Amino acid sequence: MTTQTPIDETHIRVCPLCEATCGLEVTVRDGRVRRTRGDRLDPFSKGFICPKGSTLGHLREDPDWLRSPLIKRNGKHEAVSFEEAFDYIEVRMAELLKSISGDERGIYLGNPSVHNPSGSLYLRPMLMALGTFNIFTASTVDQAPRHISSGLMYGDTGLFALPDIDRTDFMLILGADPLESNGSLATAPDWPGRLKAVQARAGRIVVVDPRTSKTAKLADQHLSIVPGTDALLLASLVHRIASQGQIDPGPAGAHITGIEEAVSSLKEFTPERVASHTGIKASVIRDLADELNNADKAIVYGRVGIHTTEFGTLASWLSDLLVIITGNLDRPGGMMFGRSASAKSKTVPGGRGFSLGRWESPLTGEPERNGEFPCATLGQSILGNGDKRLRLFVTVAGNPVLSTPDSSRLDEALKTLDFMVSVDPYLNETTRHADVIIPPPSPLERSHYDFAFSGISLRRVPRWSPPVFDPTGPLEHTILARLTQILRGETQDPDRIDDELLDALLDKAVADTNGPAFQRSTDELRSQVHGAAGPDRILDVMLRVGSDGEGFGANTDGLSLKKLQDNPHGIDMGPLEQRLPNVLKTRSGLVEAAPTELLDDLSRLEARLAQAPVSTTRLVGRRQLRSNNSWMHNLAVLVKGKERCTLHINPEDAAELDISTGDMASVASKVGQIQIVAEVTEDISRGVVSIPHGWGHDMEGTQLQVAAKTPGVNSNILTDGSIRDPLSGNARLNGIEVEISAV
Ligand SMILES: Nc1nc2c(c(=O)[nH]1)N[C@H]1C(S)=C(S)[C@@H](COP(=O)(O)OP(=O)(O)OC[C@H]3O[C@@H](n4cnc5c(=O)[nH]c(N)nc54)[C@H](O)[C@@H]3O)O[C@H]1N2
Ligand SMILES: Nc1nc2c(c(=O)[nH]1)N[C@H]1C(S)=C(S)[C@@H](COP(=O)(O)OP(=O)(O)OC[C@H]3O[C@@H](n4cnc5c(=O)[nH]c(N)nc54)[C@H](O)[C@@H]3O)O[C@H]1N2
Ligand code: SF4
Ligand SMILES: [Mo]
């Protein structure tokens, strides 16, 4: 008798869970993941992994990850076959679409849709088919201010100045905690290693945060700031440098207009005047400005903590302005623009520019910004305006009931829809309202390529990952394609959507006078396309006609899907490169340092400066390494250990309120009230409290067995959706006025 030796298979793939894009080595035996570790041969992540990275096998085996669709009948969700679910949607939609206009349809797209090639490629046709302006995404509880400031300054809402951490001497980090979050709008694995490397080459890191975050602890200097006042601080840093007569944009200056105008608009914001508002002494602000200005190469990197405030877009603009006047834009070691391997490079500067408010919401009157409406207005849109309301609603990869403002009201509003479809693997706080839930297979069952993050990556390292397991149901792109066809009233034949997308790309390639495939035959190109139907074939074409592409034979060393398949650990194509002026899409072809919309908005900041400094307690969020917004709390390996959804409160504040660690505290804002376990800690400043978001898994009708055992509370019950940054529509999630009391 022979005993069979179990054989381990090793699979290399990129982790799709956060923006860091770490390479993983997944070992499989007998159809199960036995081990996951960082891929040491990955040229970008070099073996780095965080606790979430090793949970892809757990996600696949989570009994609550839906394997079949659910239909809601008589208030209860029942499992059905995929065919039955799609047929049911077809019948219900056909009926509804006949009687409702585009104004009564809407969609919410959540964060994981950006971490998935299906979302990057297949949502666009679905949005077109839905035929509505009612588009809501998680951007407006996140980085919308950055999109808007980039639109106004660079003419492109998707073009972000990225911190070239690996070559810098000085980093000013505001409102970001990459040691917990692993970074955002600056894709790079291993922030701890990268930040320590800055210090190891005698560079300095200054962190501005009301909490002594993990990143603040690593920093050389931590400045505690009053929440919501970063725009004031940033304006005063610009003021200080200007008042010393030291503005020098360096070589990038040739491509920038409006610096004088921008700087002179900030006359009010002296370090002396902003000091009492920010809680940072004028002398400290002056020293910080001088240090930033004197550093050879410097970065100003701000994220969620500065964007999700009332002055988010101003803060985003002012941080880039600071980079410009210190000569650090488009400069190695400063802030630079990324380049995606699957995109074509522009060859001339300039474009159509960017404008705000191209249309208005038929339901709330809210102006459009970057093609969408603020998700803080979703509840109000669903309820409508008397004439019209949202009747047909789709969610893809989103859990707005936990993740967006005024949660309790949104939860109620969702009950009034006529028909709701969710593409989501879980029956959670949002999808419990859906009439039909269609689950995609787990990430290990699909191929992967980061369309979104390769464009904002601090190194260009294209990597493609094959699926590790066969899918247990239709892949997400097929689900989206079928929904698209249902919305169009066509027969469900998802291959046709694939062909449509591919043909459109090939048509564009042969018409592109500067491209490698100009005037070739599309039939000939199509016969050469490599990869499985779906995102892979499309990726192959995008890579091949992209700026480093194989060009369908024109450049045999160039990129293609085949080349990525032959290099499973990825291909390192080097650090960020200088890209001005060709990347710019402004009408002027220049960086607009002083956009009118932003100068106009400064009056609001001046008004704030004229008011008394805030005296009420302010609530801020915090991220935790073992969590991921609202959706990974159902994995026991991640939620085990001590309670993490706690109220952080400073010892002196706690003593005054007679609150000790472990006590229940009440937190009340203008719009809601919650009770939560207190955790007294020196890691938060006086007058500030912190609660992580994404918790509150104790709602009826969900199926999250593990999460329900440690539900935590939903901090967004406290978020007032009516307070938004006006230019971007982004909700204020940080700096919320609250009252704390012992229970
Ligand atoms: N108070 C406060 N609120 C915040 C924040 C904060 O800092 N403070 N942060 C905000 C930010 S930055 C963001 S991005 C948002 C996030 O908010 P959302 O974008 O709504 O994301 P999640 O709440 O994480 O919900 C993700 C959903 O996607 C599903 N999902 C997971 N993987 C897949 C997949 O492969 N395909 C599909 N179709 N679905 C999938 C999950 O089951 C879950 O339902 O939250 C915001 N909310
Ligand atoms: N572990 C984990 N990682 C994640 C996520 C997650 O939920 N968990 N979510 C992912 C997503 S969707 C995103 S967008 C990124 C976000 O990544 P980051 O932007 O790094 O987000 P946070 O860790 O929330 O850091 C925000 C910091 O801002 C501080 N802050 C709050 N208010 C203010 C203020 O007014 N001024 C200043 N200066 N600071 C303030 C908070 O104390 C906090 O330390 O993380 C991603 N990675
Ligand atoms: S840091 Fe992000 S990409 Fe890297 S392993 Fe963790 S979750 Fe995955
Ligand atoms: Mo986010």
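The buried residues of helix α23 are Leu598, Leu599, Asp601, Leu602, Leu605, Arg608 and Leu609. The model described here is a predicted one. Helix α23 spans residues 596-610, which is 15 residues. From its first C-alpha to its last the helix reaches 22 Å, close to the 21 Å expected at 1.5 Å a residue. The cover over the buried residues of α23 includes α4 (144-154), α8, α9 (259-264), α10 (271-278) and α13 (312-325). An α-helix has 3.6 residues a turn, so residues three or four places apart point the same way.

**Helix pairs**

Two packed helices are described by the angle between their axes and the distance between the axes.

| Helix pair | Angle between axes | Distance between axes |
|---|---|---|
| α18 (residues 476-488) and α19 (residues 494-511) | about 95° | 8 Å |
| α8 (residues 230-243) and α11 (residues 282-294) | roughly 65° | within 9 Å |
| α3 (residues 117-130) and α21 | about 85° | 10 Å |

Helix α8, one of the elements that cover α23, also packs against α11, with axes that come within 9 Å and cross at roughly 65°. That angle makes α8 roughly perpendicular to α11. The crossing of these two helices is right-handed. On the α8 side the contact is made by Leu233, Ser236, Leu237, Arg240 and Ile241, and on the α11 side by Ile285, Arg286, Leu288, Ala289, Asp290 and Asn293. By class, the residues of the contact of α8 with α11 are six nonpolar, two polar and three charged.

Helices α18 and α19 pack at about 95°, with axes 8 Å apart. At this angle α18 and α19 are roughly perpendicular to each other. From α18, the residues His477, Thr478, Ala481, Arg482, Thr484, Gln485 and Arg488 meet Pro494, Arg496, Ile497, Asp498 and Glu500 of α19. How many residues of each class take part in the contact of α18 with α19? There are three nonpolar, four polar and five charged residues.

For α3 and α21, the angle is about 85° and the axes are 10 Å apart. Helix α3 is thus roughly perpendicular to α21. Helix α3 brings Pro117, Ser118, Leu121 and Tyr122 to the contact, and α21 brings Pro535, Ile538 and Met542. The contact of α3 with α21 has six nonpolar residues, one polar residue and no charged ones.

Leu539 is buried, with a relative accessible area of 1%. Beyond its neighbours within four places in sequence, Leu539 is in contact with Ser342, Tyr449, Phe451, Trp464 and Leu561. From C-alpha to C-alpha, Leu539 and Leu635 are 32 Å apart in space, and they are 96 residues apart in sequence.

Leu179 lies in helix α5 (residues 178-181). Its relative accessibility is 12%, and Leu179 counts as buried. How far apart are the C-alpha atoms of Leu179 and Arg623, given that the two are 444 residues apart along the chain? The separation between the C-alpha atoms of Leu179 and Arg623 is 9.5 Å. Setting aside neighbours within four places in sequence, the contacts of Leu179 are Trp191, Pro192, Leu195, Lys214, Thr215, Leu218 and Leu625.

In strand β3 (residues 32-38) is Thr36. Thr36 is buried, because its relative accessible area of 14% is under 20%. Apart from neighbours within four places in sequence, Thr36 is in contact with Leu24, Glu25, Val26, Ile49, Gly53 and Ser54.

**Backbone features in loops**

Ala202 has a positive phi, near 70°, and is a residue other than glycine. The residue is found in the loop between α6 (191-200) and β10 (204-208). Is Ala202 buried or exposed? Ala202 is exposed, with a relative accessible area of 70%.

Phe552 has a positive phi as well, of about 50°, although it is not a glycine. Its place is in the loop between α21 and α22. At 3% relative accessibility, Phe552 counts as buried.

A cis peptide bond joins Leu580 and Pro581, with omega at about 0°. Pro581 is in the loop between α22 (561-566) and β18 (591-592).

Technical notes
Residues numbered from 1 in each chain as written. Chains lettered and ligands numbered in written order. Predicted model: local features only at pLDDT ≥ 70, side-chain atom pairs only at ≥ 80, totals over all residues. Heavy atoms only, no water. Axes fitted to C-alpha atoms, helices over the stretch in contact; angles between N-to-C directions. Helix = DSSP H or I, 4+ residues; strand = E, 2+ residues; numbered from the N terminus. Parallel < 35°, antiparallel > 145°, perpendicular 65-115°, else oblique. Contact = heavy atoms within 4.5 Å. Nonpolar A, V, L, I, M, F, W, Y, C, P; charged D, E, K, R; others polar. Left-handed = near helix turned anticlockwise from the far one by under 90°. Expected span 1.5 Å × (residues − 1). Buried < 20%, exposed > 50% of the residue type's maximum accessible area, 1.4 Å probe, protein only.
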